[in-house]
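Good morning, everyone. Please have the model open on your screens. Let's take a short tour.

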Amino acid sequence: MKLATHTAARRRRAAATASTVIALVVFLGLALLPAVRAAAEGEPLSRTDYVLWTTCTITLYDHQSAPALDRCFQRLAEIAARMGTGVSGSQLDAVSNAAGREPVKVTDDLLFLVQEALTVARQSNGLFDLTVGPLIETWRMNKDDPDVPPRDTIAAALKLVNWRDVVVDPQAKTVFLRRPSMRLDLGGFMKGYAADEMVRILRGYGVRSAMIDLGGNIFAMGSSPRNAPWRIGIQNPEADRGTSIGVVEVTDKSVTTAGVYEHYFVKNGRRYSHIIDLRTGYPVDNSLLSVSVIAPTSTQADAYDTALLVMGVGDGLKLAEQLGLEVIMIDSRHRIYVTPGMKQAFSLTDSSFTFAN
């Protein structure tokens with residue numbers, strides 16, 4: 001699973017971490033600015049802030065509504081406070097702290113997200129699992145000093161990971177973890193949900209054309225200012241941030257990417273990704289470098305990009321097509337695998353990569 005980073009050191013490194021997807025608004029010659037910028041009539045209005053443990057930018061192309069941007073960033077802060085791990089007052093932590101003892105009443109948004117996470121867990125045969133918390137803590141992936149734990153420690157943590165032990169009562173609005181020491185973590189899911197919340201808020205203000213970038217989780221609202229599809233660059237997983245291998249054209253869709261290059265550490269000459277294979281308890285180790293998912297909602301895209309990467313090419317493409325998701329997969333031999341819908345929408349621009357299918 002993908003992990004949200006919560007430490008101060010990772011916050012400082014966030015700007016240097018390779019973005020998974022880069023919004024290409026080259027036809028306007030624009031750059032995202034580090035604050036709300038007063039825009040002349042007809043120009044976009046943009047705001048950038050650090051929230052959800054990453055750099056978030058929202059740009060409005062058909063409105064100049066500063067209140068809309070204010071409300072968006074207020075909501076992002078609410079989501080981080082309510083659903084983060086290791087955050088004072090977090091409802092998610094409250095559920096984990098009561099594991100094995102009692103259900104915890106939660107707000108509608110957290111209840112919704114837990115229910116969605118359980119759906120993804122079921123459809124991915126547990127390769128996405130919101131109870132991954134014990135493994136994250138064991139590997140210290142959210143800390144400044146991640147390390148390879150002893151095998152018996154990994155095995156003990158893995159026994160606590162089972163989405164079937166999450167009990168949701170929609171009527172009482174409670175969440176209960178059946179076994180002590182279980183812990184929830186929605187780090188691989190939260191930004192997707194947050195992006196969809198930004199879409200909901202902006203539509204409420206009448207916005208129809210906007211670019212939402214939450215640390216590489218992209219939602220391209222509506223069409224571009226030229227009344228054409230948005231052009232979103234897919235990051236080269238072996239190059240510097242901002243280097244794309246190609247461009248996908250989307251309208252009113254989300255583009256998210258899970259990549260083994262995003263966060264990792266090196267121990268005894270071996271690189272360990274932050275994405276954990278829940279079949280083994282160890283970081284994923286297959287040929288895939290990244291998986292990009294294009295979907296109508298960012299919640300859906302953000303959850304499945306991780307599971308599909310862990311599954312690998314064959315099983316991952318099969319599940320994507322069953323669920324109606326469009327996917328771009330990149331492996332270590334620079335081969336690109338795409339679902340049928342991407343054959344027209346994705347344009348390859350880097351000749352060192354080739355289509356495998």
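Is α7 mostly covered or mostly uncovered? Keep in mind that this is a predicted model. The helix is mostly covered: 11 of its 15 residues are buried. Buried here means under 20% relative accessible area.

Which ones are they? In α7, the buried residues are M190, G192, Y193, A194, A195, D196, E197, M198, V199, I201 and L202. What do they pack against? Their partners are β3, α2, α4, β7, β8 and α8. You can find α4 at 108–123 and α8 at 298–311. The two strands β7 and β8 run 210–214 and 217–221.

Now check the length of α7. The helix covers residues 190–204. At 1.5 Å a residue, its 15 residues should span 21 Å, and the end C-alpha atoms are 21 Å apart, so the two values agree. After α7 comes G206, with a positive phi near 85°.

Next stop, S65. This serine sits in the loop between β3 (54–60) and α2 (66–83). Buried or exposed? S65 is at 14% relative accessibility, so S65 counts as buried. A polar atom of its side chain lies 3.2 Å from the backbone nitrogen of A68. Leaving out residues up to four places away in sequence, S65 touches L45, L60 and Y205.

C56 has 0% relative accessibility, so C56 counts as buried. C72 is buried too, with a relative accessible area of 0%. And how many disulfides does the structure hold? The count is 0.

That's the tour. Thank you.

Definitions and conventions. Residues numbered from 1 in each chain as written. Predicted model: local features only at pLDDT ≥ 70, side-chain atom pairs only at ≥ 80, totals over all residues. Heavy atoms only, no water. Disulfide = S-S within 2.5 Å. Buried < 20%, exposed > 50% of the residue type's maximum accessible area, 1.4 Å probe, protein only. Helix = DSSP H or I, 4+ residues; strand = E, 2+ residues; numbered from the N terminus. Polar contact = N/O pair within 3.5 Å; in protein donor to acceptor, adjacent residues only side chain to side chain. Contact = heavy atoms within 4.5 Å. Expected span 1.5 Å × (residues − 1).
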